[in-house]
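What surrounds the ligand in this model, and how are the strands arranged?

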Amino acid sequence: MTTHRKTPGWLDWYAAPSRPRFQVPEGAVDAHCHVFGPGERFPFAPERKYTPGDASKEQLSELRDHLGFARNVVVQATCHGADNSAMTDALRASGGLARGVATVRPDILDAQVRELHEAGVRGVRFNFVKRLVDAAPRQDLWDVVERIAPYGWHVVVYFEAADLADLRDFFLSIPVPLVIDHMGRPDVTKDPHGPEFEAFLNFMRARPDIWCKVTCPERLSVSGPPALDGEQQAYRDVVPFARRVVEEFPDRVLWGTDWPHPNLTGHMPDDGLLVDFVPHIAPTPQLQRGLLVDNPMRLYWPDADRPTA
Ligand code: 0GY
C-alpha cells in the first residue's frame, strides 16, 4: 500500500544519467547527496514541506559507481525531519564508504549522539531556508552544538544569500567548524565581484574552519543546462561564483551531486553532466583533487589511508 504521494510538479531524477566525460580522481567523494525512504519502510516526517519520490541507498550506490566516485556523504533532508533512520541505514549498509550529516533535536541524549557517530554521522545540518523548514529558536541550535561538539562534528548550514547578514553573527558564535551548502545560494544574475558575493567571501574569510560546498549549479543557474545541440556550456552563469570560491579557498571546498535533487520543477540535471561541470570550476588537477578527494577525506574520514597524489 502506498502511504505517500510525491509533491505534484516535482520532477523525477534521471534514471539513466550519462557517463561523465570528466574522469574524477581516484577516491573521489560525492559530499552532498540524500536518500529518500523508501517511504513504506522509513516514513516521511509529518511536518515536511514536500514529499519526494523514493530514492534508495541501493540506487545511490549504483549512481556512485556509475559516476566513478568512491564514497558518499549522505545529508539528512528536511522531508525526513529529525528521524535519521533512512540515512543511517544507508551509512550502515555502505561498509564504511558513506558518512552522514544528521538533523537532531536539542534534547538528544548523549547515547543517541554516540549511536549516530558509530553509524558514521559526522555533522548536523541547520536549515534556514524558509520554504523548507519553520524557524528553530537559536537556543535550540546552541543546545544541539553543545551535544555534538564533544564528538568533533561540524555544523552544515543552508541559507539564502539575502539572509546571510542576519545570520552571520549567529554562525560565527558556533564553536565548531561550519560547512555552507551551495555557496550560500548566490543570486547569479548579480556580479560575482559585487557586494553580495563579496559579503559571502568575507564571511568565509572570518574563520579558517568555514568550508563551502560549491554545489547545485542546477538550482542556482538562470542560464540553465546546455542547449539540446550540446553547444552551450551548462550552468555557465554559476561558474564565476564557484571558481572564485575554489580559487580562494582550495582546501576548504567540497563538491556533491545533490542526488536525487529535491524540489526541482524547472529541469532535472543529468548527474553525468554535473560531474562534467567540475573542471570548469576547478580547472587544474590539483584543485580537482582537493575538491573531490583531499578535502572531503580530511573532514569525513580523517583517519583513512588514501593514495598520495
Ligand atoms: C538540497 C536542497 C534542497 C532541499 C533540502 O533538506 C532538504 O529538503 O536540502 C532544496 O530544496 O533547495 O540540498 O537538497
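In this predicted model, arginine 125 places a polar side-chain atom 2.8 Å from an oxygen atom of the ligand. Aspartate 258 has a polar side-chain atom 2.8 Å from a ligand oxygen atom, and for asparagine 263 the distance from a polar side-chain atom to an oxygen atom of the ligand is 2.8 Å. Each of these pairs falls within the 3.5 Å cut-off for a polar contact. On its own the ligand has 350 Å² of accessible area, and the protein covers 100% of it.

The ligand has 15 residues around it, of which His34, Tyr50, Thr78, Tyr158 and His182 come nearest. Sorted by class, this shell holds five nonpolar, five polar and five charged residues. The space that the ligand takes is the largest cavity.

The strands come next. Strands of a sheet pair through backbone hydrogen bonds, and the pairing can be parallel or antiparallel. Here eight strands make up an open sheet with parallel pairing, in the order β1-β2-β3-β4-β5-β6-β7-β8. The edges are taken by β1 (29–33) and β8 (253–254), each of which has a single partner strand, so one side of each is left without a neighbour in the sheet.

One pairing can be followed in detail. Strand β2, residues 71–75, runs parallel to strand β3, residues 98–102, and four bridges join them. Which residue of β3 stands opposite asparagine 72? The residue in that position is alanine 98.

Note on methods
Residues numbered from 1 in each chain as written. Predicted model: local features only at pLDDT ≥ 70, side-chain atom pairs only at ≥ 80, totals over all residues. Heavy atoms only, no water. Near = heavy atom within 4 Å. Polar contact = N/O pair within 3.5 Å; in protein donor to acceptor, adjacent residues only side chain to side chain. Areas by Shrake-Rupley, 256 points an atom, 1.4 Å probe, with all protein chains shown as cover. 1 Å grid on protein atoms, 1.4 Å probe; cavity = no way out; pocket = protein on both sides within 12 Å on 5 of 7 lines; lining within 4 Å. Sits in = over half its atoms within 2 Å of the grid points. Nonpolar A, V, L, I, M, F, W, Y, C, P; charged D, E, K, R; others polar. Pairing = 2+ DSSP bridges. Helix = DSSP H or I, 4+ residues; strand = E, 2+ residues; numbered from the N terminus.
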